[in-house]
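This report describes the packing of selected helices, strands and aromatic side chains. The sequence and the model come first.

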Amino acid sequence: MTVIGVFALQGNVREHVAMLKQVGVEALPVRRPSELEQVDGLVLPGGESTTMDKLARAFELFEPLQKRIADGMPVFGTCAGMIMLANEITGGIEGQETLGGLDVTVRRNAFGRQVDSFEADLEFAAFDSPYHAVFIRAPWVERVGRDVEVLSTVRSGPDAGWDTVGPEAEHSRIVAVRHDRLLATSFHPEMTGDARLHGYFAELVRSR
């Protein structure tokens, strides 16, 4: 059976585990390198990206994670997990590093503070119907590399600098991308009850 790990040092670990089980894969919380070796893919959950960086180093997971990503392990980063996957970040703290691998530039806390959290129905390239997304201190993608596929954008947000919603909006922000085996969203798919994104990732892992 396909085994997908969930980085379990911070974030909504139980919710991601439940979603993965719902789509028919074995889910394994990952806290140490020996557990990382057992998985076919990994979810990097939301949380605090600077804390995730520090904890990954403290538990000697940072370099093994970087190596597995470089070697082609599929990874799904959500919110802070998107920041951890990005090759470049803006709005980070001094000295903040990422695991890298995803050819994008991500702005940390781009949509504002915790009180600026919001929800939106997104058109999603992989799905036939809208996906209800929950944004909490969310980042957005400011630059995508040549081989990165944009899966979804949002045209509203409390701190996004506009208030127009719909096709007539002048601006939109990229909130979901895929680059080969790497998938990332600005929002929290584990909080919606909609398991389609976890299923999408599970299929990506299976097809590797």
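Contact here means heavy atoms within 4.5 Å. The model is predicted: local features need pLDDT of at least 70, side-chain atom pairs count only at pLDDT 80 or more, and totals for chains, interfaces and linings use all residues. Residues are numbered from 1 along each chain as its sequence is written, and side-chain values use heavy atoms, with hydrogens and water left out. Helices (H or I, at least four residues) and strands (E, at least two) are DSSP runs, numbered from the N terminus.

In helix α3 (residues 49–58), S49, T50, M52, D53 and A56 are buried. They lie on the same side of α3 because they cover an arc of only 165° around the axis; the arc is that of the directions from the helix axis to the C-beta atoms. K54 and A58, on the other side of α3, are exposed. Buried means under 20% relative accessible area, exposed over 50% and partly exposed in between (1.4 Å probe, protein chains only). After α3 comes E60, with a positive phi near 55°.

Strand β1 (residues 3–7) runs parallel to strand β2 (residues 26–30), and five bridges join them. Strands pair if DSSP finds at least two bridges between them. G5 has L28 in β2 as its bridge partner. With helix α1 (residues 13–22), β1 and β2 make a right-handed β-α-β unit. Right-handed means that, with the strands pointing away from the viewer, the path from the first strand over the helix to the second runs clockwise.

The buried residues in α1 are V13, H16, V17, M19 and L20. Their arc around the axis is only 165°, so they are on the same side of α1. They pack against β1, β2, β3 (41–44), β4 and α6. R14, K21 and Q22 are exposed on the face of α1 turned away from the buried side.

T2 lies in the segment before β1. T2 counts as buried because its relative accessibility is 18%. Leaving out residues up to four places away in sequence, T2 touches V25, E26, D40, V205 and R206.

## Aromatic side chains

Rings of Phe, Tyr and Trp (its six-membered ring) pair if their centres lie within 6.5 Å; planes under 30 degrees apart count as stacked, over 60 as edge-to-face and the rest as tilted.

| Pair | Centre to centre | Angle between planes | Class |
|---|---|---|---|
| F76 and F201 | 5.6 Å | 45° | tilted |
| F135 and F187 | 5.5 Å | 65° | edge-to-face |

F76 in strand β4 (residues 75–78) and F201 in helix α6 (residues 196–206) are 125 residues apart, and their pair links distant parts of the chain. Both F76 and F201 are buried. F135 is in strand β8 (residues 131–135) and F187 in the loop between β12 (182–185) and α6, so this pair ties together parts that are 52 residues apart in sequence. F135 and F187 are buried. Ring pairs also link F118, F124, F127, Y131, F135, F187 and Y200 into a cluster.

Two arginines sit over rings: the charged end of R57 is 3.8 Å from the ring centre of F62, and R173 is over the face of W140, 4.0 Å from the ring centre. The criterion is NZ of Lys or CZ of Arg within 6 Å of the ring centre and within 35 degrees of the ring normal.
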